[in-house]
Amino acid sequence: METEPVKQLDSYELIARPMAMDDIPALHALSIGVQWPHRPEDWAMLIRLGQGVVAEDEIGRVVGSAMWWPMGPDLARICMVITTPRLQEQGAARWLMQQIAGPIGARDKVLTATRAALRLYLSLGFRPGLTVHQHQGIVAETPAVVPGARPMTAADEAAVRALDAAAFTAERRAVLDELLAVSEGTVLERRGEIVGFALCRRFGRGHVVGPVVAASEADALALVTPHVAAHVGRFLRLDTLEEEGPFRAYLEVCGLSLYDTLTLMSLGRDRAPVGPAKIYGLASHSLG
């Protein structure tokens with residue numbers, strides 16, 4: 001496998017080097033160029049959480065990126081694999097994937113693929129899985145709030161972390177440290193036990209609801225509806241693995257229409273949630 005940090009393209013050379021906070025302005029411009037909504041603040045959080053490389057051309061312009069995050073000792077999540085449009089057909093994205101393969105090592109690997117990148121990841125051995133339905137828009141009306149959820153408090157944090165680890169199939173401690181610090185949360189409690197939670201934070205064009213972890217569609221609705229109601233007239237996004245049903249129908253009624261679909265992909269062992277709760281809303285395209 002080609003891992004050299006230099007790649008010769010048709011008329012010029014690319015150099016791979018470690019990603020740094022100083023790269024954020026150039027990375028932000030790169031993501032805008034492919035119509036991804038990440039703010040500089042979103043890039044900063046991702047760099048704090050993980051490792052990445054940038055591709056520079058011969059005059060020092062950042063023309064590509066790739067990142068990965070350790071999710072516990074045996075799982076890695078890959079994302080922010082971006083190249084400028086003219087490099088997409090010249091193998092630059094494959095080369096960037098090779099640059100991060102060594103540090104990832106033998107960990108299982110997961111990612112969320114856009115339609116444009118699906119063929120690349122299939123060629124690298126990734127298996128397609130569930131479809132991610134990206135719902136977003138301006139919350140158009142005052143939606144009904146399904147009763148049952150309450151605001152999350154600091155005392156709920158340990159239970160929230162345990163629920164997330166069981167549903168995500170790995171303990172993503174650093175990710176939750178970041179998310180909990182900047183999110184408003186709701187939880188469902190039954191007989192003194194936390195059985196579900198949902199977080200909401202600033203992201204991209206507005207706010208994103210996620211992760212959402214619950215044992216049923218009804219519980220997921222109870223957790224999400226307070227966040228939706230709090231953002232009437234504002235931009236909101238929620239990425240869900242659910243197929244047609246009450247959960248997605250509610251999002252549509254509230255003005256969060258289906259914007260795009262993506263594909264969860266994996267390389268390594270099959271991993272299944274432990275326990276009844278599952279992920280109804282992703283933390284983000286990048287973090288799962």
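## Ground rules

For sorting residues here, Ala, Val, Leu, Ile, Met, Phe, Trp, Tyr, Cys and Pro count as nonpolar, Asp, Glu, Lys and Arg as charged, and the others, Gly among them, as polar. The model is predicted, with local features needing pLDDT of at least 70 and side-chain atom pairs counting only at pLDDT 80 or more, while totals for chains, interfaces and linings use all residues. Residues are numbered from 1 along each chain as its sequence is written, and side-chain values use heavy atoms, with hydrogens and water left out.

Work on a 1 Å grid over the protein atoms alone: a pocket is an open set of points with protein on both sides within 12 Å along at least five of seven lines, whereas a cavity is a set where a 1.4 Å probe fits but cannot get out. A residue counts as lining if it has an atom within 4 Å of a point. Grid points are joined across faces, edges and corners, and a volume is the space filled by probe spheres set on the points. Helices (H or I, at least four residues) and strands (E, at least two) are DSSP runs, numbered from the N terminus.

## The largest pocket

This one holds about 1000 Å³ of space. It has 40 lining residues, and Trp 36, Gln 88, Thr 114, Ala 116 and Ala 117 sit closest to its centre. Elements giving two or more residues to the lining include helix H3 (92-104), helix H4 (118-123) and strand E11 (206-214). Strand E5 (75-83) is on that list too, and E5 gives the most, with five residues. By class, you get 19 nonpolar, 14 polar and seven charged residues in this lining.

## The second largest pocket

Next up is a pocket with about 630 Å³ of space. Its lining has 24 residues, and those closest to the centre are Leu 130, Phe 168, Leu 241, Leu 264 and Arg 271. E5 turns up again, supplying at least two lining residues, as do helix H5 (157-168) and strand E14 (278-281). The top contributor is E7, with four residues. The lining splits into 13 nonpolar, four polar and seven charged residues.
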